[in-house]
Amino acid sequence: MPALSLSAARNLALSAQGLLQPPAHTACKADVLAAIRRIGALQIDTINVVARSPYLALWSRLGAYDPAWLNELLAEGALFEYWSHAASFLPIEDYPYYRRFILNGRHWHRNKDWYPNHQEEVDAILTHVRQYGAVRSADFKRKDGKKGTWWDWKIEKDALEHWFTMGELMITRRDKFQRVYDLRERVLQGWDDSGVPTMEDTLCALTLKSIQCMGIARPAWVADYFRLPKEVVKATLKDLERRDLIRAIEVEGWAEPALVSTEQTALVQAAMDGTLQATCTTLLPPFDSLIWDRARTRQLFNFDFALECYLPAPKRIYGYYLLSILHRGELVGRLDAKANRQQGRFEVRTLYLEPAVKVDDELINSIAETLCRCANWHKTPWVVVQKTHPECLLPDLVQALETQSIEVAGG
């Protein structure tokens, strides 16, 4: 098989991620589940400067949809929450794999000494849930007078998260995005651990799924997608290739072959033939599965993306909450955004285009249309663009926005 061009490799990745072309129809609830199955894990983050990341990542792929559908799918048992690439919404059919991790003692919460040092308090929380039913962390008042942060939870929140990662509690639904915890046997009634796959089968399945979700993967990218152990993944890749479940393929400009799923051979051929054409323009949240691996994003799209929201303000280059701009197969820029819901205002503090990007009417109109679609879906229909780089983009972008049925301010 001849080598793939880099643009074909990008289109293959975008197709696998559901970002190659705009949505073909108005979204329904089934499309939300299909999108999560397609990407394998929908990362959760609580930052609410625009829309929270999982909701925005779905909008990037589906266009306007009802965010309530995500919680409905969780409450109905089509999804579950657990640690994957990070905290994630996951398709329920993948629960057996994560249950294997739990049974094998692979946990993500605290150090091994934490539970013995807090056993009485932590056990009391599990007993409380068993006796009184589902709870939120907010149901317990903090007793030490502190406000609490992500790094300094109250003991009840810590206990709930402990039992969640240990598999004794699951998330039955979300109440205003707050987790509601209940016993696993009440959330997943009738579950039987006898059907849990072996660790070997689990690692094979998730390694293969990583490649399928990415569409194409350099070997170094694979372990990060579901945060699998790197050394084990190296051996697993050799086994998958020996069994003809994955194949190596050359990509122009890459020193080593990439990997594709044999099951997706027709998709690979379509990319090679040029029949996969990227026509989508959208905005991606910083925790989107297309770009959550900084090395993969740089190598595949020549786009260096960092999570600046976790940096002190003086160290930020572009801004606090950055949305990447995907346009026709390329990551062409980023914008520092904020949604002021009370005022109905979608603020673009600064929009940055990559230095090599050609600015033309097609690009400007596509970005303007995308900003309007996002703002309207978010119910913040007044778009305010304060600055752009290059500066000459601002008047043309504001003019393009004014052609949309939306309120606009610029400068």
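A few ground rules come first: residues are numbered from 1 along each chain as its sequence is written, and side-chain values use heavy atoms, with hydrogens and water left out. Since the model is predicted, local features need pLDDT of at least 70 and side-chain atom pairs count only at pLDDT 80 or more, while totals for chains, interfaces and linings use all residues.

The chain holds 16 helices and 13 strands, where helices (H or I, at least four residues) and strands (E, at least two) are DSSP runs numbered from the N terminus. Its C-alpha atoms fill a box of roughly 65 × 55 × 40 Å along the principal axes. For 411 residues, a compact globule would have a radius of gyration near 22 Å, and the chain agrees, at 22 Å. That radius is taken over C-alpha atoms, and the globule rule is 2.2 Å times the number of residues to the power 0.38.

On the α2 side, D31, V32, A35, I36 and I39 make the contact, and on the α3 side L58, R61 and L62 do (contact means heavy atoms within 4.5 Å). Sorted by class, these residues come out as six nonpolar, no polar and two charged; Ala, Val, Leu, Ile, Met, Phe, Trp, Tyr, Cys and Pro count as nonpolar, Asp, Glu, Lys and Arg as charged, and the others, Gly among them, as polar.

From α7 come E121, V122, D123, I125, L126 and V129, and they meet I155, E156, A159, L160, H162 and W163 of α8. This contact has eight nonpolar, one polar and three charged residues.

On to the gaps. Rolling a probe the size of a water molecule over the atoms shows where empty space is left. On a 1 Å grid over the protein atoms alone, a cavity is a set of points where a 1.4 Å probe fits but cannot get out, and a pocket is an open set with protein on both sides within 12 Å along at least five of seven lines; lining residues have an atom within 4 Å of a point. Grid points are joined across faces, edges and corners, and a volume is the space filled by probe spheres set on the points.

By this rule there is one cavity of 30 Å³ or more, and the largest cavity has a volume of about 60 Å³. Its lining is F80, E81, Y82, Y95, Y98, I102, F164, G167, L169 and M170, with β2 (79-83), α5 (95-103) and β4 (169-175) each supplying at least two residues. Eight of the lining residues are nonpolar, one is polar and one is charged.

The second largest pocket holds about 360 Å³. Of its 18 lining residues, G18, Q21, P23, R38 and R61 lie nearest the centre. Both α2 (29-39) and α3 (53-62) supply at least two lining residues, and the largest share, four residues, comes from α2. The lining divides into nine nonpolar, six polar and three charged.

Lastly, the backbone. The H389 to P390 peptide bond is cis, with omega near 10°, and P390 sits in the loop between β12 (382-389) and α16 (393-402). N302, a residue other than glycine, has a positive phi near 55° and is placed in the loop between α14 (294-301) and β9 (322-327).
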